[in-house]
Amino acid sequence: MKNRVWSIGDGRDCHYYSDERGRIIGEIGKIGTNLMKYYATVFPNNLDSLSLGAYISHVYAMEAVERYWLVQDGTLLESD
């Protein structure tokens, strides 16, 4: 399993990064001033970003980012 960790920001944004290289590979944050809507985004490479959608809480948004990378690593089968 790859070593990835969350960097908790100012309460608005959190970054998921590779502990080996320090490259940000995902992020979550609040959408606008809405207190109950969060976005999740991953960065598959240095040039592209992929939106994973909007979530009702930061916990679900974080899980979506982690799940994306587990599927990419082949350690989790993709399903709904």
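## Terms and basis

Contact, or touching, is taken here to mean heavy atoms within 4.5 Å. This is a predicted model, in which local features need pLDDT of at least 70 and side-chain atom pairs count only at pLDDT 80 or more, while totals for chains, interfaces and linings use all residues. Residues are numbered from 1 along each chain as its sequence is written, and side-chain values use heavy atoms, with hydrogens and water left out.

## Ser-18 and its surroundings

Not counting residues up to four places away in sequence, Ser-18 touches Asn-3, Arg-23 and Ile-25. Ser-18 belongs to strand S2, residues 13–18, where helices (H or I, at least four residues) and strands (E, at least two) are DSSP runs numbered from the N terminus. With a relative accessible area of 5%, Ser-18 is buried; the word means under 20% relative accessible area, against over 50% for exposed and partly exposed in between, computed with a 1.4 Å probe on protein chains only.

## The sheet

Five strands make up an open sheet in the order S1-S2-S3-S4-S5, with antiparallel pairing; two strands are said to pair if DSSP finds at least two bridges between them. At the edges are strand S1 (4–8) and strand S5 (50–55), each of which pairs on one side only. From one strand to the next the twist averages 15 degrees.

S2 and S3 are antiparallel over five bridges, and they form a hairpin with five residues between them, in whose turn Gly-22 has a positive phi of about 80 degrees. Within this pairing, Tyr-16 has Gly-26 of S3 as its bridge partner, and Asp-13 has Gly-29 of S3. Gly-29 also stands opposite Tyr-39 in S4, the strand of residues 38–42 that is joined to S3 by five bridges in the antiparallel sense. Strand S3 (residues 24–30) is mostly covered, five of its seven residues being buried.

## The nonpolar core

A nonpolar core is a set of buried Ala, Val, Leu, Ile, Met, Phe, Trp, Tyr and Cys residues joined through side-chain atoms within 4.5 Å. The largest such core has 14 residues, and those with the most contacts inside it are Trp-6, Tyr-16, Ile-28, Ala-40, Val-65 and Trp-69. S2, S3, S4 and helix H1 (58–73) each supply at least two residues of this core, with H1 giving the most, six residues.

Leaving aside neighbours within four places in sequence, Trp-69 is in contact with Arg-4, Tyr-16, Ile-25, Val-42, Phe-43 and Pro-44.

Technical notes
Axes are lines fitted to C-alpha atoms, for helices over the stretch in contact, and angles run from 0 to 180 degrees between N-to-C directions.
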